[in-house]
Amino acid sequence: MRGSLSSSRLLIVDDEWANVHLLERFFREQGFTNLQTTTDSREALPLFRQFRPDIVLLDLLMPYVDGFSIMVQIGRELMADDYVPILVLTADITNVTKQRALSSGAKDFLTKPVDLTEVLLRVRNLLQTRFLHLEVRQHSEELEQKVWERTRELEETKLEVLERLAIAGEYRDHDTGEHTRRVGNLAAAIAASANAPPGVVRLIHRAAPLHDIGKIGIPDHILRKAGQLRPDEREIMKTHTTIGGKILSGGRHALLQTAKSIALTHHERWDGTGYPAGLAATDIPFEGRVVALADTFDALTQERPYKQAWSADDAIHEILSQSGTQFDPDLVRAFMQLSGNTDLIALSRMVESPTSMALL
Ligand SMILES: [Fe+2]
């Protein structure tokens, strides 16, 4: 229980000074020290706002503002899960009045002239209910906070594991996890520039780094071959798409499903001459078309043992020339728009802290 009942804040509103005086003196004798009273009903609401009482003892029939109106005004001040009991003290305790008071927000009634022992009993009961209510509310807020923190931890762990998996996949190929992250950043920016919904952009951002995870299954002598691949080796190399698809298949979460789709389709071409399935145009999933573009831009602008890094302008030019053959023309347009007002290489290198990760 929060504090003792006697430290509770009591607000007494009654237009008859004698009643107010009697109640105030009685509650002080009972050890209650936090009391505010008024005989002017117009002051009831300002006092309520300023004092934030734990309970209100309220007369019904008063000049200016009656008790019913005060209850309605107080009701507007409270949040949906607040519980501030109002004990009505009235000479008129007919059924009609009771019903009206109840529907206005009263929690209990006592008939005037009041029996002080009974007032004390009712006030204690109502205060106990209020404090139990506050305790339950605080407990549920703490629980909610804990659940939220755990959920966030779990989401972050999941994202981190996927990030590590992407890095592991790339380790044998380029020795760092930089390429996977750059492709994630670029793909998300292209998707956003193509007006994809924010949820889809976030999924692509997290899933795109896993596009080459299937390279885990490609033998070293092919993956790390310095010279040109023979046709049979190239065929084996192409299977990194289907291997990736298998590794990521069966996931229940949208993130894994998107990652699987990207792994499988990021080497498909708009004109249908890509691999592994030879899908064309919009038969290629959106996320696959987006990553195809991001992956190509990043590959062109990076240095490899067998080639120099291209400038961003040259790479953009190359992508433009492949619009409608290798790439989706709409996405190339979105990419051009993006490249017009963004430094794509800087954008791709952006690093986020794990705590800034959006929950998927
Ligand atoms: Fe690939």
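These legends walk through close-up views of aromatic rings and their neighbours in a predicted model. Local features here need pLDDT of at least 70, side-chain atom pairs count only at pLDDT 80 or more, and totals for chains, interfaces and linings use all residues. Residues are numbered from 1 along each chain as its sequence is written, and side-chain values use heavy atoms, with hydrogens and water left out.

**View 1. Phe 26, Phe 27 and Phe 32 form a cluster linked by ring pairs.** A search of the whole structure turns up 3 aromatic pairs (ring centres of Phe, Tyr or Trp, the last by its six-membered ring, within 6.5 Å; planes under 30 degrees apart are stacked, over 60 edge-to-face, the rest tilted). One of them joins Phe 26 to Phe 27 edge-to-face, at 5.5 Å centre to centre with 65° between the planes. Both Phe 26 and Phe 27 are buried (under 20% relative accessible area; exposed is over 50%, partly exposed in between; 1.4 Å probe, protein chains only).

View 2. Phe 297 belongs to helix 12 (residues 286–301) and Phe 335 to helix 14 (residues 329–341), so their pair ties together parts 38 residues apart in sequence. Helices are DSSP runs of H or I, at least four residues, numbered from the N terminus. Phe 297 is buried at 1% relative accessibility, and Phe 335 is buried at 0%.

**View 3. The charged end of Arg 42 sits over the ring of Tyr 64.** It lies 3.5 Å from the ring centre (the criterion: NZ of Lys or CZ of Arg within 6 Å of the centre and within 35 degrees of the ring normal).

**View 4. Arg 100 lies over the face of Phe 68.** Look for a distance of 3.8 Å from the ring centre of Phe 68.

Methods. Helices (H or I, at least four residues) and strands (E, at least two) are DSSP runs, numbered from the N terminus.
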